[in-house]
Amino acid sequence: MYKVALNFADGRTHFIGVNAGETVLDAALRQGMTIPVDCREGVCATCKGTCQSGNYQLEYVDEDALTEAELEKGAVLTCQMRVASDCAVRFDFDSTLCTSAGPEVIDATVKAVEIVSESTAIVHIDAGSRPGQLDFLPGQYAHVQVPGTDEWRSYSFACKPNENNQLQFLIRLLSQGVMSDYLRDRAKPGDKLRLKAPLGAFYLHKVTRPLILVAGGTGLAAFLGMLDEMAADPARCTQPVTLFYGVTQVVDLCEMERIQKYAEQLPNFSYRSIVMKASEGWQGPVGVVTDLFEEHHFNGGEVDAYLCGPPPMVDAVKGWLDQRQMGNSDVYYEKFSAS
Ligand SMILES: Cc1cc2nc3c(=O)[nH]c(=O)nc-3n(C[C@H](O)[C@H](O)[C@H](O)COP(=O)(O)OP(=O)(O)OC[C@H]3O[C@@H](n4cnc5c(N)ncnc54)[C@H](O)[C@@H]3O)c2cc1C
Ligand code: FES
């Protein structure tokens, strides 16, 4: 059985299991997801989506349903789609059209709070009491309850899904903040909390050209999840992958050993870091993350760029790409606005 992520315009994702020979539409209906349909014969395009990763075949597609150009971009008719691997399919409508259920609420406990730089903690969460694996696409995020309060904050998964549901989040410690204060002052192993997940439409699409990953501060979290997944299955990504990682000060840099390990596991992976404020002992570049970019990183505009972090960083990188008219690159981003 293959796992197919159905991703909707409202940022919700539902995972379904699809049997060999079964269409994605039939599998979805069997599991209570009422994808809109009409003809069920590949003619009307009511069940249309876009396959963003994975391998599949389409049984019959009427020429009025999808154009050649749409097919090339991964457009699919779920009533005609049989998958040959795990896949992610995006729909332009909200999940509420298919189901009334919201994201799953999961009971979990804090396992450890690991301080990984002066301004950053990795929070290890044990959601092992949930039956079965919690599925999400690395890059997606969870709503996390601040233990002991009714406040919720959004955090990108900094790990890949795993059968024991041991989760990690990379969290910036603000000088004052509900979650930041909890993590700095009161957190202890065994604290109970709840998560709502998976959320968001930021995740790794099928890799067909070089990848540019741009992280600002704890925006690194989303890429740790994606790189964990690539490292577990290096055949999935044979294209060059370059991570650009920018922080305010040297003391904010974190998980450098983990990043170095990816470079050993993934032959096409390289990374560069930059700090905004110079300090003693730092031999690397000083400036903003776009200062690291060189024309050759962008393969003549034929790249997929993923940006994650504070909104000003994401906007600056998008602006940089726009100015250079990288019209052929696809740009995906997640902004860590206050949540
Ligand atoms: C989709 C999404 C994913 C996110 N993923 C991550 C993640 O993986 N790691 C991570 O560290 N953060 C992430 N964030 C930001 C995070 O949700 C919180 O906003 C942040 O951790 C602050 O929470 P807090 O309770 O400590 O502060 P709050 O009590 O919410 O805020 C305290 C003060 O700090 C300000 N503030 C809030 N957030 C920020 C910020 N990001 N930068 C500067 N000032 C801020 C507030 O306006 C307020 O004045 C994400 C946000 C979104 C929307
Ligand atoms: S329902 Fe008409 S094309 Fe799939």
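Ala, Val, Leu, Ile, Met, Phe, Trp, Tyr, Cys and Pro count as nonpolar, Asp, Glu, Lys and Arg as charged, and the others, Gly among them, as polar. Keep these classes in mind for the ligand stop below. The model on screen is predicted.

**Whole chain.** Show the chain as a cartoon: it has 6 helices and 18 strands. Its radius of gyration is 21 Å, close to the 20 Å that the globule rule gives for 339 residues, so the chain is as compact as a globular protein of that length. Buried residues account for 40% of the 339 residues.

**The core.** Select Val-4, Leu-6, Val-24, Phe-169, Leu-213, Val-214 and Phe-223. Of the 91 residues in the largest nonpolar core, these touch the most other members. Next select helix H4, residues 220-232, which gives the most to this core, with 8 residues.

Now centre on Val-24. Which residues does Val-24 touch, not counting those up to four places away in sequence? They are Val-4, Val-18, Thr-78, Met-81, Val-83 and Val-89.

**Ligand 1.** Select ligand 1 and the 24 residues that surround it; the closest are Gly-177, Met-179, Ser-180, Ala-338 and Ser-339. Colour strand S11 (152-156), strand S12 (166-172) and helix H3 (178-186), the elements that give two or more residues to this shell. By class, the shell has 12 nonpolar, 9 polar and 3 charged residues.

Finally, colour domain 2 (104-199) and domain 3 (211-335). Both give residues to the shell around ligand 1, so the ligand lies between them.

Notes: Residues numbered from 1 in each chain as written. Chains lettered and ligands numbered in written order. Predicted model: local features only at pLDDT ≥ 70, side-chain atom pairs only at ≥ 80, totals over all residues. Helix = DSSP H or I, 4+ residues; strand = E, 2+ residues; numbered from the N terminus. Rg over C-alpha atoms; globule rule 2.2 N^0.38 Å. Buried ≥ 20, exposed ≤ 12 C-beta atoms within 10 Å, placed from the backbone. Core = buried A, V, L, I, M, F, W, Y, C linked by C-beta atoms within 7 Å. Contact = placed C-beta atoms within 7 Å. Near = placed C-beta within 6 Å. Domains from an automatic or database assignment.
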